[in-house]
Amino acid sequence: MGRVSAGNKLNEGEMRVLDIEGTKVSIAAAGGSLYAFDDACTHMGCSLGEGQLEGTTVTCPCHGSQFDVTSGAVIRGPAQQPVRVRSVQIEGDDLLVES
Ligand code: FES
């Protein structure tokens, strides 16, 4: 698990990109829960954390692929492969993210 300071808490609908042991991971606040997933889109590697979050769907800013942040599943291409999701827990002021 990678431990990072939660710092300013995420508000509903926000995303933040964190470095978890050398890999960029996006954290999204959706539906009262936090979800963590690899920041790199499986299409061509753009930052999903710089995309749009609507409910539990994130849209890549480059070519519009959509992923379900709860499972990593592709909702809409051009991406073909799911994005890796990671477990995330809040512990005090820190986030523990699966590495
Ligand atoms: S890099 Fe994300 S849709 Fe192309």
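The model is a predicted one.

The description begins with the sheet of β2, β3, β4 and β9. These four strands form an open sheet in the order β2-β3-β4-β9, and their pairing is antiparallel. At the edges stand β2 and β9; each has a single partner strand, so one side of each is left without a neighbour in the sheet. Within the sheet, β2 is joined to β3 by six bridges, and the two strands run antiparallel.

Glutamate 21 is placed in the loop between β2 and β3. Is this residue buried or exposed? Its relative accessibility is 60%, and because exposed means over 50%, glutamate 21 counts as exposed.

A further open sheet is built from four strands in the order β5-β6-β7-β8, again with antiparallel pairing. Its edges are β5 (52–54) and β8 (74–76), each with a single partner strand, so one side of each is left without a neighbour in the sheet. On average, and with direction ignored, neighbouring strands of this sheet are turned by 30° against each other. Strand β7, which spans residues 66–68, pairs with β8 in the antiparallel sense over two bridges. Across this pairing, phenylalanine 67 stands opposite valine 74 in β8.

The bond joins glycine 77 and proline 78, with omega at about 20°. Proline 78 is found in the loop between β8 and β9 (85–86).

Another hairpin is made by β10 and β11. Strand β10 (residues 88–91) and strand β11 (residues 94–97) pair in the antiparallel sense over four bridges. Among the paired positions, glutamine 89 has leucine 96 in β11 as its bridge partner. Two residues lie between the strands of this hairpin, and glycine 92 in the turn has a positive phi of about 60°.

The cysteines come next. How many disulfides does a search of the whole structure find? The search finds one, and this disulfide joins cysteine 46 to cysteine 62 with an S to S distance of 1.9 Å. The pair links distant parts of the chain, 16 residues apart: cysteine 46 is in the loop between β4 and β5, and cysteine 62 is in the loop between β6 (57–59) and β7. The torsion about the S-S bond of cysteine 46 and cysteine 62 is about -90°, so the disulfide is left-handed. The two partners fall into separate accessibility classes. Cysteine 46, at 19% relative accessibility, counts as buried because the class takes in values under 20%. Cysteine 62 has a relative accessible area of 38% and is therefore partly exposed.

Rolling a probe the size of a water molecule over the atoms shows where empty space is left. In this structure, the largest pocket contains about 190 Å³ of space. Which elements give two or more residues to its lining? They are β2 (15–20), β3 (23–30) and β4 (33–38). The lining consists of 15 residues, and those that lie nearest the centre of the pocket are Lys9, Leu10, Ala29, Leu34 and Ile90. By residue type, the lining divides into eight nonpolar, four polar and three charged residues.

Definitions and conventions. Residues numbered from 1 in each chain as written. Predicted model: local features only at pLDDT ≥ 70, side-chain atom pairs only at ≥ 80, totals over all residues. Heavy atoms only, no water. 1 Å grid on protein atoms, 1.4 Å probe; cavity = no way out; pocket = protein on both sides within 12 Å on 5 of 7 lines; lining within 4 Å. Points joined across faces, edges and corners; volume = space filled by probe spheres on them. Nonpolar A, V, L, I, M, F, W, Y, C, P; charged D, E, K, R; others polar. Pairing = 2+ DSSP bridges. Axes fitted to C-alpha atoms, helices over the stretch in contact; angles between N-to-C directions. Disulfide = S-S within 2.5 Å. Buried < 20%, exposed > 50% of the residue type's maximum accessible area, 1.4 Å probe, protein only.
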